[in-house]
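Me: I am new to this structure and would like to learn how to read it. Where should we start?

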Amino acid sequence: MECFSMMRISMSLPKKLLADFDEVLKERGYQSRSKGIRDALQDYIVRHQWMNEMEGERIGIITIIYDHHYTGVMENLADIQHSFRNEINMNMHLHMTEKYCMEIVVVNGDISEIRELTDKLMRLKGVEHVKLTTTANGEEFSDPDHEHNHHH
């Protein structure tokens, strides 16, 4: 017999975040904010588990959005990126608004190192959003029996 507990959680969220979430729930036809929060949490957990199950060499992109006015955030981003210079191939910086900047970091290496880099970036104060997208790094394409019938 499976046992589970229901828990009421009280949390504070920025008004804009809650309004945006409610708008998404409305567009998707949710009748209940609680159901939407449960689904969002489940999706977050599944994505985390999926990321932790990856192994081996990967190539990918880490997208970071941060408040460049937040004291020390740019220095902290640079320090972390320097310590992962073996995994980072390229970095691009974009000015989004007066307040927000985006860093796009191209990574290539062992997924455990890329995961560690991503986790450190996520924990930084002043960082609003971090997303990692990865794929196989192409090593399997070096198979001599693999024919190229397309143009690069």
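Reply: Start with a cut-off: a residue is buried under 20% relative accessible area, exposed over 50%, and partly exposed in between. Aspartate 22, with a relative accessible area of 26%, is therefore partly exposed. Keep in mind that this is a predicted model.

Me: What share of the residues of the protein chain counts as buried?

Reply: Of the 152 residues, 26% count as buried.

Me: Which elements does the protein chain have, and in what order do they run?

Reply: The protein chain has 4 helices and 4 strands. Read from the N terminus, the order is α-α-β-α-β-β-α-β.

Me: How many salt bridges are there in the whole structure?

Reply: The general idea is that side chains of opposite charge can pair when their charged atoms come close. In this structure, a search finds 4 salt bridges. One of them joins arginine 33 to aspartate 22, with 2.5 Å between the closest N and O atoms. This pair links distant parts of the chain, since arginine 33 is in helix H2 (residues 33-53) and aspartate 22 in helix H1, 11 residues apart. Arginine 33 is partly exposed, at a relative accessible area of 38%.

Me: Which residue does lysine 99 meet in a salt bridge?

Reply: Its partner is aspartate 67, at 3.9 Å from N to O. Because lysine 99 lies in the loop between S2 and S3 and aspartate 67 in strand S1, the pair ties together parts that are 32 residues apart in sequence. Lysine 99 is partly exposed, with a relative accessible area of 37%, whereas aspartate 67 counts as buried at 10% relative accessibility.

Me: How are lysine 120 and glutamate 116 placed in helix H4?

Reply: Lysine 120 and glutamate 116 are 4 residues apart in H4, so about one helical turn separates them. Their side chains form a salt bridge of 3.7 Å, N to O. Lysine 120 has a relative accessible area of 31% and is partly exposed; glutamate 116 is partly exposed too, at 35%.

Me: How do I check the length of a helix such as H4?

Reply: Count 1.5 Å a residue. The 13 residues of H4 (residues 111-123) should then span 18 Å, and the end C-alpha atoms are 18 Å apart, so the two agree. For H1, with 14 residues, the reach from first C-alpha to last is 20 Å, close to the 20 Å expected. Just after H1, glycine 29 has a positive phi of about 85°.

Me: Which residues of H4 are buried?

Reply: Ile111, Ile114, Arg115, Leu117, Thr118 and Leu121 are buried in H4. They cover an arc of only 160° around the axis, so they lie on the same side of H4.

Me: How do the strands pair with S3?

Reply: S1 (residues 57-67) runs antiparallel to S3, and 11 bridges join the two. Isoleucine 59 has asparagine 108 in S3 as its bridge partner. S2 (residues 88-95) also pairs with S3 in the antiparallel sense, over 7 bridges; here methionine 92 is partnered by isoleucine 104. S2 and S3 form a hairpin with 4 residues between them.

Me: Is S3 mostly covered or mostly open?

Reply: Strand S3 (residues 100-110) is mostly covered, as 8 of its 11 residues are buried.

Me: Which residues form a nonpolar patch on the surface?

Reply: The patch consists of Ile9, Met11, Leu13 and Leu17, with about 410 Å² of accessible area together. Leucine 13 lies in the segment before helix H1 and is partly exposed, at a relative accessible area of 40%.

How values were computed:
Residues numbered from 1 in each chain as written. Predicted model: local features only at pLDDT ≥ 70, side-chain atom pairs only at ≥ 80, totals over all residues. Heavy atoms only, no water. Patch = residues over 30% accessible without salt bridge, like charges linked within 9 Å, V, L, I, M, F, W, Y side chains within 5 Å. Areas by Shrake-Rupley, 256 points an atom, 1.4 Å probe, with all protein chains shown as cover. Buried < 20%, exposed > 50% of the residue type's maximum accessible area, 1.4 Å probe, protein only. Expected span 1.5 Å × (residues − 1). Arc of directions from axis to C-beta. Pairing = 2+ DSSP bridges.
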